[in-house]
Amino acid sequence: MKINKNFDNLVPNYLFADVAKKTADYAAANPDKKIIRLGIGDVTLPLAPVVVEAMKRGAENLAHKESFKGYPDYEGYAFVREAISGYYKSFGVTVSADEIFVSDGAKSDCGNIGDIFAQDNTVLVTDPVYPVYVDANIMAGRKIVYAASNRGNGFAAMPDDSVKVDIIYLCSPNNPTGAAYTAEQLKAWVDYALKNDAIILYDSAYEAFITEDLPRSIFAIEGARQCAIEMCSLSKTAGFTGTRCGYTVIPKELARDGHSIYDTWYRRQATKFNGVSWPVQCAAAAVFSEEGQRQIKENIAYYQENARIIASALDELGIYYTGGKNSPYIWLQCPNGMGSWEFFDFLLENANVVGTPGEGFGENGKGFFRLTSFGDRENTIEAVERIKALLK
Ligand code: MLT
(Lines give C-alpha, C1' and ligand atoms only; values in the text may rest on other atoms or scores of the structure.)
Protein backbone atom coordinates (compact mmCIF):
# COMPACT_ATOMS: atom_id res chain seq x y z
CA MET A 1 0.00 0.00 0.00
CA LYS A 2 1.37 3.42 -0.94
CA ILE A 3 0.15 6.89 -0.03
CA ASN A 4 -0.28 9.68 -2.60
CA LYS A 5 3.21 11.18 -2.33
CA ASN A 6 1.99 14.48 -3.72
CA PHE A 7 0.71 15.17 -0.21
CA ASP A 8 4.36 15.47 0.85
CA ASN A 9 4.53 18.59 -1.31
CA LEU A 10 1.84 20.44 0.64
CA VAL A 11 2.58 22.90 3.40
CA PRO A 12 2.04 20.98 6.65
CA ASN A 13 -1.24 22.64 7.66
CA TYR A 14 -4.24 24.22 6.00
CA LEU A 15 -3.82 27.96 6.65
CA PHE A 16 -7.02 28.49 8.63
CA ALA A 17 -6.34 25.41 10.73
CA ASP A 18 -2.96 26.91 11.59
CA VAL A 19 -4.49 30.23 12.58
CA ALA A 20 -7.17 28.47 14.65
CA LYS A 21 -4.54 26.40 16.47
CA LYS A 22 -2.35 29.41 17.29
CA THR A 23 -5.41 31.33 18.49
CA ALA A 24 -6.60 28.41 20.62
CA ASP A 25 -3.12 28.07 22.21
CA TYR A 26 -3.05 31.78 23.03
CA ALA A 27 -6.60 31.65 24.43
CA ALA A 28 -5.74 28.66 26.62
CA ALA A 29 -2.68 30.45 28.00
CA ASN A 30 -4.61 33.72 28.51
CA PRO A 31 -8.10 32.75 29.69
CA ASP A 32 -8.82 36.28 30.98
CA LYS A 33 -8.36 37.92 27.56
CA LYS A 34 -11.27 38.68 25.22
CA ILE A 35 -10.06 37.63 21.80
CA ILE A 36 -11.78 39.09 18.73
CA ARG A 37 -11.59 36.83 15.70
CA LEU A 38 -11.38 38.55 12.33
CA GLY A 39 -9.38 35.75 10.74
CA ILE A 40 -11.34 33.13 8.82
CA GLY A 41 -14.17 34.53 6.73
CA ASP A 42 -16.93 32.90 8.71
CA VAL A 43 -20.27 34.68 8.97
CA THR A 44 -21.81 35.66 12.31
CA LEU A 45 -25.37 36.73 11.42
CA PRO A 46 -28.10 34.07 11.46
CA LEU A 47 -29.81 32.80 8.32
CA ALA A 48 -32.51 35.06 6.93
CA PRO A 49 -36.00 34.28 8.37
CA VAL A 50 -37.48 33.36 4.98
CA VAL A 51 -34.61 30.90 4.45
CA VAL A 52 -35.14 29.29 7.85
CA GLU A 53 -38.88 28.93 7.17
CA ALA A 54 -38.16 27.18 3.86
CA MET A 55 -35.68 24.87 5.56
CA LYS A 56 -38.22 23.99 8.25
CA ARG A 57 -40.86 23.26 5.62
CA GLY A 58 -38.32 21.09 3.82
CA ALA A 59 -37.61 19.17 7.02
CA GLU A 60 -41.34 18.74 7.63
CA ASN A 61 -41.72 17.26 4.11
CA LEU A 62 -39.31 14.52 5.14
CA ALA A 63 -41.58 13.53 8.02
CA HIS A 64 -44.46 12.41 5.77
CA LYS A 65 -44.72 9.59 3.27
CA GLU A 66 -46.48 11.77 0.64
CA SER A 67 -43.82 14.48 0.66
CA PHE A 68 -40.74 12.45 1.59
CA LYS A 69 -37.64 12.84 -0.63
CA GLY A 70 -34.80 10.42 -1.19
CA TYR A 71 -31.80 11.00 -3.42
CA PRO A 72 -31.95 14.36 -5.15
CA ASP A 73 -31.11 14.85 -8.85
CA TYR A 74 -27.34 14.81 -9.35
CA GLU A 75 -27.35 18.35 -10.74
CA GLY A 76 -29.78 19.67 -8.11
CA TYR A 77 -33.57 20.16 -8.17
CA ALA A 78 -34.89 22.03 -11.19
CA PHE A 79 -36.69 24.67 -9.09
CA VAL A 80 -33.39 25.62 -7.40
CA ARG A 81 -31.55 25.79 -10.73
CA GLU A 82 -34.39 27.90 -12.18
CA ALA A 83 -34.09 30.25 -9.19
CA ILE A 84 -30.32 30.57 -9.73
CA SER A 85 -30.84 31.20 -13.43
CA GLY A 86 -33.31 33.98 -12.53
CA TYR A 87 -30.74 35.47 -10.15
CA TYR A 88 -28.17 35.68 -12.97
CA LYS A 89 -30.82 37.34 -15.11
CA SER A 90 -31.32 40.00 -12.40
CA PHE A 91 -27.84 41.32 -13.16
CA GLY A 92 -28.09 40.85 -16.88
CA VAL A 93 -26.31 37.51 -17.38
CA THR A 94 -27.90 34.62 -19.26
CA VAL A 95 -27.25 31.21 -17.74
CA SER A 96 -29.83 28.55 -18.31
CA ALA A 97 -31.05 26.25 -15.53
CA ASP A 98 -29.68 23.20 -17.34
CA GLU A 99 -26.13 24.60 -17.16
CA ILE A 100 -26.17 24.73 -13.36
CA PHE A 101 -25.05 22.13 -10.81
CA VAL A 102 -26.15 22.65 -7.21
CA SER A 103 -23.38 21.61 -4.82
CA ASP A 104 -22.26 21.73 -1.22
CA GLY A 105 -20.15 24.82 -1.86
CA ALA A 106 -17.56 26.51 -4.03
CA LYS A 107 -14.61 25.15 -2.06
CA SER A 108 -15.47 21.53 -2.88
CA ASP A 109 -16.18 22.28 -6.53
CA CYS A 110 -12.99 24.34 -6.97
CA GLY A 111 -11.01 21.41 -5.62
CA ASN A 112 -12.98 18.54 -7.17
CA ILE A 113 -13.22 19.95 -10.69
CA GLY A 114 -9.62 18.83 -11.18
CA ASP A 115 -10.93 15.24 -11.42
CA ILE A 116 -12.03 15.90 -15.01
CA PHE A 117 -8.72 17.38 -16.21
CA ALA A 118 -5.56 15.49 -17.11
CA GLN A 119 -2.75 15.49 -14.61
CA ASP A 120 -0.27 17.02 -17.05
CA ASN A 121 -2.17 20.27 -17.48
CA THR A 122 -0.39 23.35 -16.16
CA VAL A 123 -2.38 25.43 -13.69
CA LEU A 124 -2.12 29.18 -13.20
CA VAL A 125 -3.13 30.87 -9.98
CA THR A 126 -2.83 34.52 -9.06
CA ASP A 127 -0.65 35.01 -5.98
CA PRO A 128 -1.73 35.72 -3.22
CA VAL A 129 -4.24 32.92 -3.63
CA TYR A 130 -7.02 31.08 -1.80
CA PRO A 131 -5.02 27.99 -0.70
CA VAL A 132 -7.61 25.51 -1.97
CA TYR A 133 -6.70 26.08 -5.64
CA VAL A 134 -3.05 25.38 -4.95
CA ASP A 135 -3.40 22.50 -2.52
CA ALA A 136 -5.99 20.63 -4.63
CA ASN A 137 -3.67 20.76 -7.64
CA ILE A 138 -0.59 19.80 -5.63
CA MET A 139 -2.54 16.75 -4.42
CA ALA A 140 -3.23 15.92 -8.08
CA GLY A 141 0.44 16.37 -8.99
CA ARG A 142 -0.09 19.26 -11.40
CA LYS A 143 2.46 21.91 -12.23
CA ILE A 144 1.42 25.30 -10.90
CA VAL A 145 2.58 28.69 -12.14
CA TYR A 146 1.96 31.90 -10.25
CA ALA A 147 0.90 35.28 -11.61
CA ALA A 148 1.95 38.01 -9.19
CA SER A 149 -0.68 40.30 -7.70
CA ASN A 150 1.01 43.13 -5.87
CA ARG A 151 0.86 46.82 -5.05
CA GLY A 152 2.19 47.57 -8.52
CA ASN A 153 -0.88 46.14 -10.26
CA GLY A 154 -3.40 46.89 -7.52
CA PHE A 155 -3.45 43.19 -6.60
CA ALA A 156 -5.02 42.36 -9.96
CA ALA A 157 -2.61 40.04 -11.80
CA MET A 158 -2.97 40.04 -15.57
CA PRO A 159 -2.13 37.36 -18.16
CA ASP A 160 1.34 37.10 -19.62
CA ASP A 161 1.29 36.03 -23.27
CA SER A 162 4.71 34.46 -22.99
CA VAL A 163 3.44 31.90 -20.45
CA LYS A 164 1.27 29.01 -21.67
CA VAL A 165 -1.10 27.40 -19.19
CA ASP A 166 -4.17 25.16 -19.45
CA ILE A 167 -6.20 25.87 -16.33
CA ILE A 168 -6.59 29.33 -14.80
CA TYR A 169 -8.10 30.01 -11.39
CA LEU A 170 -9.49 33.51 -10.97
CA CYS A 171 -11.36 34.83 -7.94
CA SER A 172 -13.07 38.20 -8.16
CA PRO A 173 -13.73 39.98 -5.85
CA ASN A 174 -10.59 38.32 -4.69
CA ASN A 175 -9.95 36.23 -1.65
CA PRO A 176 -7.72 37.31 0.05
CA THR A 177 -7.02 40.77 -1.40
CA GLY A 178 -10.56 42.05 -1.94
CA ALA A 179 -9.49 43.51 -5.29
CA ALA A 180 -12.09 43.11 -8.06
CA TYR A 181 -11.43 42.84 -11.78
CA THR A 182 -12.96 45.30 -14.23
CA ALA A 183 -14.72 44.05 -17.36
CA GLU A 184 -11.68 45.05 -19.46
CA GLN A 185 -9.33 43.07 -17.23
CA LEU A 186 -11.56 40.00 -17.34
CA LYS A 187 -11.81 40.32 -21.11
CA ALA A 188 -8.00 40.11 -21.26
CA TRP A 189 -8.13 36.84 -19.30
CA VAL A 190 -10.90 35.46 -21.52
CA ASP A 191 -8.92 36.36 -24.65
CA TYR A 192 -5.83 34.71 -23.19
CA ALA A 193 -7.79 31.54 -22.36
CA LEU A 194 -9.35 31.35 -25.82
CA LYS A 195 -5.98 31.84 -27.47
CA ASN A 196 -4.36 29.12 -25.37
CA ASP A 197 -7.25 26.63 -25.41
CA ALA A 198 -7.29 27.02 -21.62
CA ILE A 199 -10.19 26.92 -19.19
CA ILE A 200 -10.86 29.59 -16.57
CA LEU A 201 -12.20 28.35 -13.25
CA TYR A 202 -13.88 31.47 -11.97
CA ASP A 203 -14.68 31.68 -8.26
CA SER A 204 -17.38 34.30 -7.78
CA ALA A 205 -18.11 33.49 -4.12
CA TYR A 206 -17.93 37.19 -3.19
CA GLU A 207 -19.90 38.68 -6.11
CA ALA A 208 -22.75 39.80 -3.85
CA PHE A 209 -20.38 42.27 -2.17
CA ILE A 210 -19.74 44.23 -5.36
CA THR A 211 -20.91 47.83 -4.99
CA GLU A 212 -19.28 49.41 -8.04
CA ASP A 213 -20.02 48.89 -11.71
CA LEU A 214 -17.99 45.68 -12.04
CA PRO A 215 -18.84 42.25 -13.51
CA ARG A 216 -20.72 39.95 -11.14
CA SER A 217 -19.98 36.91 -13.29
CA ILE A 218 -17.37 35.84 -15.82
CA PHE A 219 -20.31 35.19 -18.15
CA ALA A 220 -20.84 38.94 -18.39
CA ILE A 221 -17.74 38.87 -20.60
CA GLU A 222 -17.95 38.10 -24.30
CA GLY A 223 -16.30 34.79 -25.18
CA ALA A 224 -16.45 33.41 -21.60
CA ARG A 225 -18.98 30.74 -22.52
CA GLN A 226 -16.28 29.16 -24.71
CA CYS A 227 -13.62 29.08 -21.99
CA ALA A 228 -15.01 29.38 -18.45
CA ILE A 229 -16.64 27.53 -15.59
CA GLU A 230 -18.03 29.56 -12.70
CA MET A 231 -18.30 28.48 -9.07
CA CYS A 232 -20.39 30.41 -6.61
CA SER A 233 -21.54 29.87 -3.07
CA LEU A 234 -24.26 30.87 -0.64
CA SER A 235 -21.74 30.80 2.23
CA LYS A 236 -20.96 34.50 2.23
CA THR A 237 -23.97 35.69 0.23
CA ALA A 238 -26.57 34.17 2.53
CA GLY A 239 -24.73 32.90 5.60
CA PHE A 240 -24.51 29.25 4.49
CA THR A 241 -20.96 28.56 5.78
CA GLY A 242 -22.37 25.85 8.04
CA THR A 243 -25.49 25.01 6.02
CA ARG A 244 -23.46 24.30 2.85
CA CYS A 245 -24.78 25.07 -0.59
CA GLY A 246 -23.23 26.48 -3.74
CA TYR A 247 -23.46 26.11 -7.49
CA THR A 248 -21.28 25.62 -10.52
CA VAL A 249 -22.15 26.85 -14.00
CA ILE A 250 -20.85 25.04 -17.07
CA PRO A 251 -22.03 26.34 -20.44
CA LYS A 252 -23.41 23.54 -22.60
CA GLU A 253 -21.17 24.50 -25.51
CA LEU A 254 -17.94 24.40 -23.47
CA ALA A 255 -15.75 21.61 -24.85
CA ARG A 256 -12.08 20.64 -24.79
CA ASP A 257 -10.13 17.75 -26.23
CA GLY A 258 -13.26 16.41 -27.95
CA HIS A 259 -15.27 16.26 -24.71
CA SER A 260 -18.23 18.23 -23.41
CA ILE A 261 -17.16 19.71 -20.08
CA TYR A 262 -20.76 19.68 -18.82
CA ASP A 263 -21.16 15.97 -19.59
CA THR A 264 -17.80 15.08 -18.08
CA TRP A 265 -18.58 16.95 -14.84
CA TYR A 266 -22.07 15.37 -14.73
CA ARG A 267 -20.42 11.94 -14.99
CA ARG A 268 -18.04 12.84 -12.17
CA GLN A 269 -20.78 14.20 -9.92
CA ALA A 270 -23.08 11.24 -10.51
CA THR A 271 -20.26 8.93 -9.41
CA LYS A 272 -18.92 10.80 -6.40
CA PHE A 273 -21.66 13.14 -5.14
CA ASN A 274 -25.20 12.41 -4.03
CA GLY A 275 -26.35 15.98 -3.94
CA VAL A 276 -27.51 18.54 -1.41
CA SER A 277 -30.25 17.61 1.05
CA TRP A 278 -33.86 18.56 0.38
CA PRO A 279 -34.23 21.03 3.31
CA VAL A 280 -31.03 22.82 2.24
CA GLN A 281 -32.12 23.04 -1.40
CA CYS A 282 -35.47 24.44 -0.21
CA ALA A 283 -33.53 27.00 1.84
CA ALA A 284 -31.29 27.82 -1.14
CA ALA A 285 -34.28 28.46 -3.40
CA ALA A 286 -35.70 30.83 -0.77
CA VAL A 287 -32.48 32.89 -0.93
CA PHE A 288 -33.36 33.77 -4.52
CA SER A 289 -36.98 34.72 -3.82
CA GLU A 290 -37.83 38.41 -3.74
CA GLU A 291 -38.15 38.44 0.04
CA GLY A 292 -35.03 36.27 0.38
CA GLN A 293 -33.01 38.76 -1.66
CA ARG A 294 -34.31 41.65 0.45
CA GLN A 295 -33.39 39.89 3.70
CA ILE A 296 -29.94 38.69 2.66
CA LYS A 297 -29.07 42.14 1.32
CA GLU A 298 -29.67 43.53 4.82
CA ASN A 299 -27.08 41.10 6.17
CA ILE A 300 -24.63 41.92 3.39
CA ALA A 301 -25.09 45.64 4.12
CA TYR A 302 -24.24 44.96 7.77
CA TYR A 303 -20.95 43.31 6.79
CA GLN A 304 -20.25 46.07 4.28
CA GLU A 305 -20.61 48.62 7.08
CA ASN A 306 -18.12 46.58 9.15
CA ALA A 307 -15.74 46.70 6.20
CA ARG A 308 -16.19 50.47 5.99
CA ILE A 309 -15.40 50.81 9.72
CA ILE A 310 -12.18 48.79 9.34
CA ALA A 311 -11.17 50.63 6.16
CA SER A 312 -11.72 54.06 7.65
CA ALA A 313 -9.49 53.17 10.62
CA LEU A 314 -6.75 52.16 8.17
CA ASP A 315 -7.26 55.46 6.31
CA GLU A 316 -6.80 57.28 9.62
CA LEU A 317 -3.64 55.32 10.35
CA GLY A 318 -2.31 55.88 6.83
CA ILE A 319 -2.01 52.15 6.17
CA TYR A 320 -2.18 50.89 2.56
CA TYR A 321 -4.97 48.40 1.87
CA THR A 322 -7.11 46.95 -0.88
CA GLY A 323 -10.63 45.55 -0.64
CA GLY A 324 -13.38 46.53 1.73
CA LYS A 325 -15.36 48.29 -1.00
CA ASN A 326 -16.43 45.39 -3.22
CA SER A 327 -15.41 42.72 -0.80
CA PRO A 328 -15.81 41.57 2.80
CA TYR A 329 -12.02 41.33 3.07
CA ILE A 330 -9.54 44.08 3.83
CA TRP A 331 -5.99 43.36 2.75
CA LEU A 332 -3.46 45.59 4.42
CA GLN A 333 0.25 46.16 4.43
CA CYS A 334 1.68 45.23 7.83
CA PRO A 335 2.81 48.42 9.59
CA ASN A 336 6.43 49.24 10.36
CA GLY A 337 7.79 46.69 7.89
CA MET A 338 6.60 43.76 9.98
CA GLY A 339 6.30 40.30 8.45
CA SER A 340 2.84 38.70 8.21
CA TRP A 341 3.27 36.21 11.04
CA GLU A 342 5.15 38.80 13.10
CA PHE A 343 2.17 41.15 12.78
CA PHE A 344 -0.21 38.25 13.53
CA ASP A 345 1.58 37.63 16.85
CA PHE A 346 1.90 41.34 17.58
CA LEU A 347 -1.82 41.93 17.06
CA LEU A 348 -2.86 38.80 18.94
CA GLU A 349 -0.65 39.56 21.93
CA ASN A 350 -1.15 43.32 22.14
CA ALA A 351 -4.70 43.84 20.88
CA ASN A 352 -6.09 40.31 21.22
CA VAL A 353 -7.31 40.57 17.64
CA VAL A 354 -6.93 37.69 15.19
CA GLY A 355 -6.43 38.20 11.48
CA THR A 356 -4.94 36.05 8.73
CA PRO A 357 -1.26 36.42 7.81
CA GLY A 358 -0.94 37.29 4.12
CA GLU A 359 2.05 35.03 3.77
CA GLY A 360 -0.27 32.04 4.18
CA PHE A 361 -1.78 32.98 0.80
CA GLY A 362 1.52 32.93 -1.07
CA GLU A 363 4.80 34.64 -1.78
CA ASN A 364 3.17 37.97 -2.66
CA GLY A 365 1.26 37.96 0.59
CA LYS A 366 4.47 38.41 2.56
CA GLY A 367 4.24 41.58 4.65
CA PHE A 368 0.45 41.71 4.22
CA PHE A 369 -2.46 40.80 6.45
CA ARG A 370 -6.17 40.07 5.96
CA LEU A 371 -9.04 41.19 8.18
CA THR A 372 -12.62 40.10 7.62
CA SER A 373 -15.78 42.12 8.01
CA PHE A 374 -17.84 39.05 8.97
CA GLY A 375 -17.54 39.71 12.71
CA ASP A 376 -20.36 41.25 14.69
CA ARG A 377 -20.58 45.03 14.80
CA GLU A 378 -19.67 45.51 18.45
CA ASN A 379 -16.60 43.31 18.17
CA THR A 380 -15.53 44.93 14.91
CA ILE A 381 -15.70 48.39 16.48
CA GLU A 382 -13.82 47.17 19.54
CA ALA A 383 -11.14 45.48 17.41
CA VAL A 384 -10.69 48.65 15.37
CA GLU A 385 -10.37 50.78 18.51
CA ARG A 386 -7.75 48.40 19.89
CA ILE A 387 -5.82 48.42 16.60
CA LYS A 388 -5.93 52.21 16.44
CA ALA A 389 -4.69 52.54 20.04
CA LEU A 390 -1.87 50.13 19.29
CA LEU A 391 -0.68 51.62 16.02
CA LYS A 392 -1.23 55.35 16.46
C1 MLT B 1 -11.65 32.41 4.08
O2 MLT B 1 -11.57 32.87 5.21
O3 MLT B 1 -10.80 32.61 3.20
C4 MLT B 1 -12.80 31.56 3.76
O5 MLT B 1 -13.72 31.56 4.79
C6 MLT B 1 -12.37 30.22 3.53
C7 MLT B 1 -13.40 29.47 2.79
O8 MLT B 1 -14.39 30.04 2.30
O9 MLT B 1 -13.20 28.27 2.66
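Visitor: In what order do the strands of the open sheet of seven stand, and what is their pairing?

Guide: Strands of a sheet pair through backbone hydrogen bonds, either parallel or antiparallel. Here the open sheet of seven strands has the order β2-β8-β7-β6-β5-β3-β4, and the pairing is mixed, where strands (E, at least two residues) and helices (H or I, at least four) are DSSP runs numbered from the N terminus, and two strands pair if DSSP finds at least two bridges between them. This is a predicted model, in which local features need pLDDT of at least 70 and side-chain atom pairs count only at pLDDT 80 or more, whereas totals for chains, interfaces and linings use all residues. Residues are numbered from 1 along each chain as its sequence is written, and side-chain values use heavy atoms, with hydrogens and water left out.

Visitor: Which strands stand at the edges of this sheet?

Guide: β2 (100–103) and β4 (143–148) each have a single partner strand, so one side of each is left without a neighbour in the sheet. Neighbouring strands are turned by 20 degrees against each other on average, direction ignored.

Visitor: Which strands does helix α6 touch, and how is it directed?

Guide: Helix α6 (residues 183–196) packs on the sheet, touching β3, β5 (167–171) and β6 (199–203), and its direction makes about 170 degrees with that of β5; contact means heavy atoms within 4.5 Å, while axes are lines fitted to C-alpha atoms, for helices over the stretch in contact, with angles from 0 to 180 degrees between N-to-C directions. Helix α8 (residues 261–272) lies across β2, β6, β7 (228–233) and β8 (246–249), running at about 25 degrees to β2.

Visitor: How many residues of β6 are buried, and which lie on each side?

Guide: In a regular strand the side chains alternate between the two faces of the sheet. In β6, five of its five residues are buried, that is, under 20% relative accessible area, as against over 50% for exposed and partly exposed in between (1.4 Å probe, protein chains only). Ile 199, Leu 201 and Asp 203 lie on one side and Ile 200 and Tyr 202 on the other, and both faces are covered. Five bridges join β6 to β5, which run parallel, and Tyr 169 stands opposite Leu 201 in β6.

Visitor: What is the order of the open sheet of four strands, and which helix lies across β11, β12 and β15?

Guide: The order is β11-β12-β15-β14, with antiparallel pairing, and the edge strands β11 (321–323) and β14 (356–357) each pair on one side only. Five bridges join β12 (residues 329–333) to β15 (residues 368–372), with Trp 331 opposite Arg 370 in β15. Helix α10 lies across β11, β12 and β15, at about 15 degrees to β12. Gln 293 is found in α10 (residues 290–317) and is buried, with a relative accessible area of 13%; leaving aside neighbours within four places in sequence, Gln 293 is in contact with Tyr 87, Val 287 and Phe 288.

Visitor: How many disulfides does the structure hold?

Guide: The structure holds zero disulfides, a disulfide being a pair of cysteine sulfur atoms within 2.5 Å. The sulfur of Cys 110 is 7.9 Å from the closest cysteine sulfur, in Cys 171, too far for a bond, and Cys 110 counts as buried at 1% relative accessibility.
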